Amino acid sequence: MAAAKTILRSLAGETLPTPPIWMMRQAGRYLPEYKATRAQAGDFLSLCYNPELAAEVTLQPIRRYGFDAAILFADILLLPQALGADLWFVTGEGPRLSTITTQADFDKLKPVGEIDAVLNPIYETVRILRQELPQETTLIGFAGAPWTVATYMIAGRGTPDQAPAHALKDENRELFEALLARITQGTIEYLSKQIEAGAEVVKIFDSWAGSLKGADFQKYALEPAREITAAIKARHPDIPVIGFPREAGDGYIGFAKATGVDCVALDNSVSADWAAANVQVDGCVQGNLASSHMVTGGQALIDETRAIVKAFSGGPHIFNLGHGITPDADPDNVQRMIDAVRGQ
Ligand code: CP3
């Protein structure tokens with residue numbers, strides 16, 4: 001039998017001499033080959049829904065860098081679209097969606113049983129990737145966490161402080177919770193189908209978890225992550241789950257125990273030494289180099305990469321950035337980071 005893939009070993013709780021590595025947004029606009037394929041597809045959403053081309057951009061960073069994992073090329077906003085929201089991307093600005101602020105808006109959404117009509121091409125991308133990825137590379141599927149997805153569905157766009165979602169939560173909690181419940185059920189279905197198509201790990205991105213405080217963090221970040229993880233594990237007991245409650249701060253403490261995730265992904269607002277003492281004590285962590293180092297490079301990139309590897313060397317660790325790599329990053333800095341992790 002071939003040795004288990006490195007990322008699966010880390011997720012199972014093994015401490016490896018060299019942490020496996022992948023990078024959020026590793027397929028993206030900092031790579032000239034990504035830009036070429038995106039141009040061929042026409043636009044971002046056409047790329048997401050074209051299985052051959054989506055598989056191609058997923059493979060590009062694997063060919064260039066030999067990362068230990070590939071992440072399915074798709075987006076967290078495809079689920080809202082499959083639930084019936086209008087979705088489009090404004091160049092240079094980001095996503096736009098039809099908004100949900102009233103019961104009538106919510107009543108127009110589709111039932112979870114109908115999402116596959118839109119999402120089938122995504123499962124096809126997963127099947128192609130399982131054929132084409134190198135044997136040692138782990139395939140990660142993903143979805144947005146319900147709160148983060150809801151912030152986009154309510155506001156119709158990205159918002160710096162998620163104010164429209166907080167307003168709906170405070171003014172019409174019943175509607176807000178009904179929306180979260182629909183997204184939660186849709187996410188369970190979407191992730192299960194990715195797994196059945198061949199995803200070996202799934203990650204739940206809660207990019208805006210940091211704006212939930214106190215009881216709201218418990219109810220709308222922890223609880224949905226627990227519910228999704230439990231449902232995935234009931235159907236697919238061997239599939240590891242990574243949770244990413246970005247900017248949760250102290251909310252990272254106990255997150256794995258409370259939700260059942262196998263690994264907690266850390267953003268770079270927490271120090272690696274703090275996270276080793278407070279989060280890694282419960283199991284595998286992923287992270288957490290500031291993505292700005294992929295722009296600035298130099299000795300600081302090498303020093304900080306080594307410091308993170310060292311801080312997490314006493315337990316299971318998957319090296320990653322604290323958030324996605326940005327379009328202005330230098331592809332050579334990615335190689336320098338990988339070399340620093342792998343000790344060359
Ligand atoms: O990481 C990967 O390489 C896999 C693919 C992936 C994308 N988006 C592709 C993408 C993943 C895992 C995501 C997750 C995602 N999408 C999140 C959670 C992670 C995070 O960044 O906090 C969120 C909040 C979104 C929603 C989204 N998609 C926004 C806000 C934007 C616009 C901002 C931007 O970077 O342009 C996107 C677009 C998007 N998703 C791009 C990519 C490669 C850029 C689109 C392009 O090519 O123009």
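In this predicted model, the side chain of Arg29 has an N or O atom 2.7 Å from an oxygen atom of the ligand. The side chain of Tyr34 also places an N or O atom 2.5 Å from a ligand oxygen, and in Asp75 a side-chain N or O atom is 2.7 Å from a ligand nitrogen. Taken alone, the ligand exposes 860 Å², and the protein buries 87% of that (accessible areas by the Shrake-Rupley method with a 1.4 Å probe).

There are 22 residues around the ligand, and Tyr34, Arg38, Asp75, Ser207 and His323 come nearest (a residue is near if one of its heavy atoms lies within 4 Å). This shell divides into 15 nonpolar, 3 polar and 4 charged residues; Ala, Val, Leu, Ile, Met, Phe, Trp, Tyr, Cys and Pro count as nonpolar, Asp, Glu, Lys and Arg as charged, and the others, Gly among them, as polar.

The protein chain has 16 helices and 9 strands (DSSP runs, H or I of at least four residues for helices and E of at least two for strands). Its radius of gyration is 19 Å, close to the 20 Å that the globule rule gives for 344 residues, so the chain is as compact as a globular protein of that length (the radius is taken over C-alpha atoms, and the rule is 2.2 Å times the number of residues to the power 0.38). Along the principal axes, the C-alpha atoms fill a box of roughly 60 × 45 × 40 Å.

Residues are numbered from 1 along each chain as its sequence is written, and side-chain values use heavy atoms, with hydrogens and water left out. Local features need pLDDT of at least 70 and side-chain atom pairs count only at pLDDT 80 or more, while totals for chains, interfaces and linings use all residues.

Note on methods
Polar contact = N/O pair within 3.5 Å; in protein donor to acceptor, adjacent residues only side chain to side chain.
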